[in-house]
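Here are a few notes to read alongside the model. They go through some helix packing, then step back to the chain as a whole.

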Amino acid sequence: LLYVGLNTVGTFSINMTDKKVPNILATNEQANKTHSSIFSDIKSALEAFRSKIQEKGDLKHITIEEQLLLLEDLSSFPLGRHILLTGGANGVWTDYLISPYAHINNLFQLPPSILECFFLFHSPVVLAQRELLVNLQKVAQTHVKNGKVLASIPCGVMRELLTLDYSSTIDVKIVGIDIDPLSLRQAKKLATTLNVKNTKFIQGDAWNLGFSSEFDFISSIGLNMYEPDKEKVVGLYNQLYKTLKPGGMLFTGILTWPPYINKERSDWIIDNIPKYNMHLEKVVHKDLLDIKWLNFRTLSEIKHDFKKAGFNKIEVLKDSRCIFPAIIATK
């Protein structure tokens, strides 16, 4: 979902291998699954979704009419329209989801849409990702030391690293890599706003980074869950492994199986999820959208991929709902 590009912005150098930079338009197999539109416009998207709803008919837990009302609600706000068009959220919209109070200053600005409020304040998956990022920042802060190099791949807006405390350190370098120029521009803008120095932003491919033993810490959240090929996911982890210095750490997260997709394999603690929130999660993500999260793992399977990628020291840190456990893997 990323490609190594030539457009970089920053104040320090990164050692690149002499490998030829690939042309994403011509050679990269990794489709941009959360930025490129599936439909030409929102009208076409709505027609397709309405047709699908009508074809399935009433479900045990929700009628056609109720689904159509939710679909109209989803199309009434920009995030919903982006999801309808692309099947996911890019870095900018992910930042909006996981950091709503950075965008909504007071309660009088709360969105009127039922589903937008659900995404921002009640979605079990979104809330689990916020827990994941709280843990990420706690771990990342321990790596903010003189001379260290921290990276986010894909970086999105990179709020998780840019909002760390760098006040007592010098010469800490921060690298953001993403396919999406808009995300990179917003990350650069946030770095300027927060007055974070020594940053570098690169348009690049996580499956073909071209770095070797460059980073002390990498955060990588959200990319793996859109890739259905398990071997390609291992290849992603192996690329990140190669870019770490010996003793370097990768912090990522894995989506466990939702019970509405595979009840037998699910590790979700549904007693910790309000019933109506669970109902909407299923209706929106499975029934309406058939969302493109494709890479699920059980708790018992999680460590396997990281060991195969080269990591030996692997820690799993569960969130309160066991939806989006953190993986802390050390080279």
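**Notes on helix packing**

1. Start with helix α3 (residues 78-86) and helix α4 (residues 91-98): their axes lie 11 Å apart, and the two pack at an angle of about 135°. Bear in mind as you look that this is a predicted model. Angles from 65 to 115 degrees count as roughly perpendicular and those over 145 as roughly antiparallel, and α3 and α4 are therefore oblique to each other. The crossing of α3 past α4 is left-handed.

2. Who touches whom here? On the α3 side you'll find Pro78, Leu79 and His82, and they meet Trp93, Tyr96 and Leu97 of α4. Sorted by class, that contact holds 5 nonpolar residues, 1 polar and no charged ones.

3. Next, have a look at helix α2 (residues 64-74) with helix α5 (residues 114-121). Their axes come within 7 Å and cross at roughly 75°, which makes α2 roughly perpendicular to α5.

4. Which residues of α2 and α5 meet? From α2 come Leu70, Asp73 and Leu74, and from α5 come Ile114, Leu115, Glu116 and Phe119. The class count for the contact of α2 with α5 is 5 nonpolar, no polar and 2 charged residues.

5. Stay with α2 for a moment and turn to helix α10 (residues 275-288). The pair packs at an angle of about 85°, with axes 11 Å apart, so α2 is roughly perpendicular to α10.

6. For this pairing, α2 brings Gln67, Leu70 and Leu71, while α10 brings Leu280, Val283, Asp287 and Leu288. By class that gives 5 nonpolar, 1 polar and 1 charged residues.

7. Now for the chain as a whole. How many helices and strands does the chain have? There are 11 helices and 8 strands. Of the contacts with a separation of 6 or more, 73% are between residues 24 or more positions apart.

8. Finally, burial and surface. The chain runs to 331 residues, and 55% of them count as buried. Its accessible surface comes to about 15,200 Å², with 54% of that belonging to carbon and sulfur atoms.

Terms used. Residues are numbered from 1 along each chain as its sequence is written. This is a predicted model: local features need pLDDT of at least 70, side-chain atom pairs count only at pLDDT 80 or more; totals for chains, interfaces and linings use all residues. Side-chain values use heavy atoms; hydrogens and water are left out. Axes are lines fitted to C-alpha atoms, for helices over the stretch in contact, and angles run from 0 to 180 degrees between N-to-C directions. Helices (H or I, at least four residues) and strands (E, at least two) are DSSP runs, numbered from the N terminus. Angles under 35 degrees count as roughly parallel, over 145 as roughly antiparallel, 65 to 115 as roughly perpendicular and the rest as oblique. A crossing is left-handed if the near helix is turned anticlockwise from the far one by less than a right angle, and right-handed if clockwise. Contact means heavy atoms within 4.5 Å. Ala, Val, Leu, Ile, Met, Phe, Trp, Tyr, Cys and Pro count as nonpolar, Asp, Glu, Lys and Arg as charged, and the others, Gly among them, as polar. Buried means under 20% relative accessible area, exposed over 50%, partly exposed in between (1.4 Å probe, protein chains only). Accessible areas come from the Shrake-Rupley method with a 1.4 Å probe; for residues, only the protein chains shown count as cover.
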